[in-house]
Amino acid sequence: MSYFIAGGTKNTDVKRRAIEIFEGLVPITCHKELVADTDGSYAHCHVCNKVIGDKLIEQDGTNSWLLLVGAPVLEFQTDKDWQGFADEYFTDPKKVLRNKIDGHFSVIAYDSTKGIFYIASDWHSLIPTYYAITEYGPLICSAELPLAKILQRKPDKFGFAQAIHNGVVWGERTRFKGVYKLEPCVLVQIDSSNNVRKERYWEPANETIWKGTFDEIMQRWLTVMRETIRTFTDNRCDAGVSSDLTGGEDSRLVVALLHDIGLSFCVRVAGEP
């Protein structure tokens with residue numbers, strides 16, 4: 001994974017302390033740094049894995065920026081494509097999150113013209129993203145502990161109890177008061193007055209039930225799955241793709257579709273038959 005911190009700059013001391021604490025937690029294996037720093041916002045991202053597709057887009061002619069972290073699936077090649085993606089995101093982020101991006105990602109963005117921070121998770125919230133609201137503006141980070149240290153937030157007893165007994169804290173709650181994590185398919189908007197708006201950009205109710213015979217529905221589903229596999233591998237081909245398959249029916253289907261599409265692959269089997 002990569003490590004990131006972002007926030008407003010209404011208090012330079014808080015910004016300095018935030019970056020110092022954050023830098024102390026970043027492992028030495030990081031191979032590059034992405035930085036945006038304006039009068040109204042800042043973002044620091046340390047990329048640990050060369051396979052990961054982190055991207056920082058600084059919008060032309062403004063102080064707006066968009067940080068895309070994780071392994072997003074996007075079919076963009078040129079800087080103009082990325083600028084267009086940022087323009088669309090600031091116009092209608094929910095539409096872009098639903099229709100323009102796939103894969104595992106977190107989006108942290110700042111629209112300087114509106115003074116709004118945007119934080120969004122992917123469909124499974126696989127890229128850890130946490131945030132806290134302060135009198136100086138929002139703080140957003142890839143881990144909850146830096147936020148708790150920076151803001152000296154007290155432990156949340158119920159959150160710690162869940163972490164100890166269940167191994168995870170459910171919902172948006174964390175182990176610290178006033179520190180929140182993004183759930184799947186959530187878009188958070190924080191304006192310059194610290195007003196927070198949370199909404200889901202996708203829910204199962206948004207979908208319609210497919211109609212047709214069993215064979216027709218299966219063919220449609222297989223077409224969608226083929227396209228998903230092809231798009232993902234096309235986006236990651238330069239870096240390679242590694243998957244942990246459990247050996248169940250879904251894993252066998254993925255392997256069968258790779259063969260059907262004509263993609264070269266290698267399967268290693270371990271454990272008892």
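The dialogue below sets values from this predicted model against the criteria behind the terms.

Visitor: What makes the rings of Trp 65 and Phe 117 an edge-to-face pair?

Guide: A search of the whole structure finds eleven aromatic pairs. For Trp 65 and Phe 117 the ring centres are 6.3 Å apart and the planes stand at 70°. Centres within 6.5 Å make a pair, and planes over 60 degrees apart count as edge-to-face; the pair of Trp 65 and Phe 117 is therefore edge-to-face.

Visitor: Which parts of the chain does this pair tie together?

Guide: Trp 65 belongs to strand β5 (residues 65-73) and Phe 117 to strand β7 (residues 116-121), so the parts joined are 52 residues apart in sequence. Trp 65 and Phe 117 also form one aromatic cluster with Tyr 110.

Visitor: Why is the pair of Phe 90 and Tyr 118 called tilted?

Guide: Its centres are 6.2 Å apart and its planes are at 50°.

Visitor: What makes the charged end of Lys 198 sit over the ring of Tyr 180?

Guide: The charged end of Lys 198 is 5.9 Å from the centre of the Tyr 180 ring. The distance criterion is within 6 Å, and a position within 35 degrees of the ring normal is also required. Lys 198 is assigned as sitting over the ring of Tyr 180.

Visitor: Why are β2 and β10 said to stand at the edges of their sheet?

Guide: Six strands form an open, antiparallel sheet in the order β2-β3-β1-β9-β8-β10. Strands β2 (32-37) and β10 (180-181) each have a single partner strand, so one side of each is left without a neighbour in the sheet. Helix α1 (residues 12-25) packs on this sheet, touching β1, β2, β3 and β9 (137-141).

Visitor: How do you know that β1 and β3 pair?

Guide: At least two bridges are needed for strands to pair. Strands β1 (residues 3-7) and β3 (residues 42-47) have five, in the antiparallel sense; Phe 4 has Cys 45 in β3 as its bridge partner.

Terms used:
Residues numbered from 1 in each chain as written. Predicted model: local features only at pLDDT ≥ 70, side-chain atom pairs only at ≥ 80, totals over all residues. Heavy atoms only, no water. Phe/Tyr/Trp six-rings, centres within 6.5 Å; stacked < 30°, edge-to-face > 60°. Helix = DSSP H or I, 4+ residues; strand = E, 2+ residues; numbered from the N terminus. Contact = heavy atoms within 4.5 Å. Axes fitted to C-alpha atoms, helices over the stretch in contact; angles between N-to-C directions.
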